Amino acid sequence: MAVTDATEEQQAGQAVSSFSKSLFLGEIHQEMVLPWPKPKPDEQERIRGLINALRGFCEEHYDQRKVEEERWVGDDVIRGLGEIGILGLYVPEEYGGQGLSQTGYSRVFEAIGQIDGTLAIVLGVHQSIGYKGISIFGSPEQKERFLPDLASGRKLAAFALTEPQAGSDAYNVQSRAVKQSDGSWLLNGEKRYIGNGSKAEVLTVFARAEVDGKDRHIALIVEKGMKGFEVGERYDTMGLRGNDLRRLYFKDVRVPAENVLGEPGEGFRIAMQILNNGRIGLGTGSVGAAKFLLDRTIDHVKDRHQFGQPLADFELVQDKVGWMVSYLFGLESMCYLTCGLVDAGVPDYSLESAMCKVSGTEFLWYAANRSMQLRGGEGYMRTEPYEKVLRDIRIFPIFEGANDVMRAFIALGGLKPLGEELSGVKLELSDPIRTIGVLADYVGGRIQREVRPDRLSVGHDELKKHAEVVSDQVKRLRDVSESLLRKHKKGIVTAQFQQKRIADSLADIYGQVAVLSRVASIFDDQGVEASGQERLIADSFCSRAAERVNGRFDQIEHNDDERMSSIAKLAYKRGEYGYALFEN
Ligand code: MYA
């Protein structure tokens with residue numbers, strides 16, 4: 001049930017497959033991002049009810065320190081949360097779920113992130129990625145068979161992609177499924193770092209498989225109890241101690257044909273599509289956790305007095321709190337704009353979800369450190385939540401696509417359509433990361449046609465200056481992207497210093513668009529005068545983001561990348577830091 005108000009213009013926007021990829025072409029498809037997407041009132045009501053029930057339940061039954069000690073959130077907690085609907089948030093009502101949109105799902109998930117990182121991960125592994133594949137790609141029979149138990153919490157789900165030789169390079173999975181004469185698949189292999197590992201009864205597992213004579217991937221639904229499926233040892237982790245993280249072994253596991261998810265051969269695409277959704281969850285989960293930290297920090301700095309005044313009155317405290325509020329507003333806007341794209345049926349939101357993941361997880365790390373800093377010496381004590389939060393969230397920039405890999409994916413994914421346009425040929429290239437360089441070979445001299453980029457127009461004078469600046473950045477994005485393709489040709493695939501500049505700039509541009517869309521809608525609803533605070537935030541977020549973007553674009557030409565690489569290579573050669581001080 002898609003329950004957001006997707007306007008006709010937004011649906012018309014589906015003619016373009018990706019908002020962010022279009023920015024690389026200098027096009028701003030603002031019908032996709034304006035007006036700001038909001039859930040319908042009846043869904044908002046439902047979201048409120050679920051969040052209240054969640055908070056009430058956790059207040060009474062969830063003790064995060066006990067979860068750390070016992071190293072599991074508790075089967076009773078899973079059952080209880082299942083009973084109040086938290087385990088089947090986006091599952092259609094006909095299968096026993098709540099039928100929420102992506103926006104609704106993410107909003108409830110944010111509230112889970114506000115309560116505890118471990119709980120968010122256990123529930124996220126279950127529904128953000130564990131059974132997401134069944135809900136998107138499952139046949140009606142598979143949905144009927146699995147979703148009711150999963151949505152109610154009678155069964156838990158897991159997602160098994162990562163292997164010893166396939167972490168960031170997920171394409172390289174070595175597990176193999178071989179088709180048998182009866183149509184079943186014989187699965188062999190090993191997975192690692194699998195959340196809910198011993199608890200899950202339904203697992204989405206990815207393997208290589210020969211399909212029509214080609215080496216492809218397959219997605220299989222493995223069920224606990226299948227012969228040859230063994231749960232291995234548990235990892236001793238730094239944080240998220242209540243997450244049951246395991247190795248899994250598959251030894252001649254016979255998976256029946258009716259447990260193949262989607263089409264054989266489509267496994268990698270299925271995995272990536274699931275992760276696109278999972279990455280949004282990590283973005284909004286980070287929003288929730290950051291809100292928890294910020295609220296605590298605001299209480300503390302108002303309460304604590306030093307040098308005869310509250311901490312809150314010191315300028316450097318205001319600098320930190322003000323910046324956290326402003327950036328959180330930007331991050332939240334970016335995440336929920338992405339949810340809106342999903343709910344409007346935009347087919348490709350892969351770059352947006354990767355940006356939510358990268359921006360969310362890095363902001364959360366910053367916010368947790370700053371909040372702890374502002375708590376002073378007391379913040380270092382285990383009686384305060386910071387040490388646990390820091391341990392829990394440290395993995396976020398690493399899993400669900402390491403942030404450096406996501407940056408490469410964002411930059412190359414965006415450069416690919418531009419490369420195609422410049423080449424004038426629609427090339428059948430399979431991927432942005434491995435083969436985009438081939439495109440650049442086709443890029444000849446100066447581009448023939450004059451490119452007139454679109455301008456972003458928001459209907460309020462107060463926001464127009466920012467919209468103009470964003471439009472200029474989009475033009476520059478196209479220009480610098482074009483010159484990078486010309487300069488590096490195939491080498492763009494490995495030009496990671498430049499990829500990072502492009503990816504981070506895109507995130508800042510997208511963040512500004514999201515903030516402008518949201519604040520314009522607040523102006524519409526409340527009037528400009530009444531919305532002074534949001535205007536202030538829009539001013540600060542957009543000005544700072546624009547400064548970062550322009551700084552990075554300048555660095556594309558003027559940088560010390562080569563020096564940095566040389567220093568690193570010399571260090572590799574020395575085999576140690578090795579610069580002599582007086583005692584050597
Ligand atoms: S789960 C495991 C996480 N693992 C990963 O995320 C793996 C990271 N690696 C990748 O994503 C890929 O390998 C990359 C692709 C991006 C590097 N959407 O040749 P390719 C298409 C749609 O470029 P590669 C975990 O950690 C591509 O266009 N399509 O592939 C648990 C091409 O298609 P075509 C995509 O060079 C965490 C084809 O695939 C996408 O290998 C638990 C081949 O692509 C995409 N994204 O590089 C978290 N990517 O052939 C719980 C590629 O048609 C979450 N393609 O052109 C819960 C949240 C809780 C929050 C709590 C907060 C408090």
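This is a predicted model: local features need pLDDT of at least 70, side-chain atom pairs count only at pLDDT 80 or more; totals for chains, interfaces and linings use all residues.
Which residues in H16 meet which residues in H17?

Residues are numbered from 1 along each chain as its sequence is written, and side-chain values use heavy atoms, with hydrogens and water left out.

1. **H16 against H17: geometry.** Helix H16 covers residues 461–488 and helix H17 covers residues 496–526. Helices (H or I, at least four residues) and strands (E, at least two) are DSSP runs, numbered from the N terminus. The two helices pack at an angle of about 160 degrees, and their axes are 10 Å apart. Axes are lines fitted to C-alpha atoms, for helices over the stretch in contact; angles run from 0 to 180 degrees between N-to-C directions. H16 is therefore roughly antiparallel to H17 (angles under 35 degrees count as roughly parallel, over 145 as roughly antiparallel, 65 to 115 as roughly perpendicular and the rest as oblique).

2. **H16 against H17: residues.** From H16 come Glu462, Leu463, His466, Ala467, Val470, Gln473, Val474, Leu477, Val480, Ser481, Leu484 and His488. They meet Gln498, Ile502, Leu506, Ile509, Gln512, Val513, Leu516, Val519, Ala520 and Phe523 in H17. Contact means heavy atoms within 4.5 Å. By class, this contact has 15 nonpolar, 6 polar and 1 charged residues. Ala, Val, Leu, Ile, Met, Phe, Trp, Tyr, Cys and Pro count as nonpolar, Asp, Glu, Lys and Arg as charged, and the others, Gly among them, as polar.

3. **H14 against H17.** Helix H14 (residues 403–423) also packs on H17: the axes come within 8 Å and cross at roughly 80 degrees. The pair is therefore roughly perpendicular. In H14, Arg407, Ala408, Ile410, Ala411 and Leu412 make the contact. Their partners in H17 are Gln499, Lys500, Ile502, Ala503, Asp504 and Leu506. The class count is 7 nonpolar, 1 polar and 3 charged. Ile502 and Leu506 of H17 meet H14, and Ile502 and Leu506 also meet H16.

4. **Second largest pocket.** It holds about 600 Å³ of space. On a 1 Å grid over the protein atoms alone, a cavity is a set of points where a 1.4 Å probe fits but cannot get out, and a pocket is an open set with protein on both sides within 12 Å along at least five of seven lines; lining residues have an atom within 4 Å of a point. Of 22 lining residues, Trp36, Lys38, Pro39, Arg107 and Arg518 are the closest to the centre. H3, helix H6 (102–115), H11 and H17 each supply at least two lining residues. H3 gives the largest share, 6 residues. The lining has 7 nonpolar, 5 polar and 10 charged residues.

5. **Largest cavity.** Its volume is about 30 Å³. Trp323, Ser326, Tyr327, Ser540, Phe541, Arg544 and Arg548 line this cavity. Helix H11 (315–343) and helix H18 (532–557) are the elements that give two or more of these residues. H18 has the largest share, with 4. By class the lining has 3 nonpolar, 2 polar and 2 charged residues.

6. **Backbone points to check.** Leucine 34 and proline 35 are joined by a cis peptide bond, with omega about -5 degrees. Proline 35 sits in the loop between helix H2 (19–24) and helix H3 (41–61). Aspartate 252, in strand S7 (residues 246–255), has phi near 50 degrees, a positive value in a residue other than glycine.

Key. Grid points are joined across faces, edges and corners, and a volume is the space filled by probe spheres set on the points.
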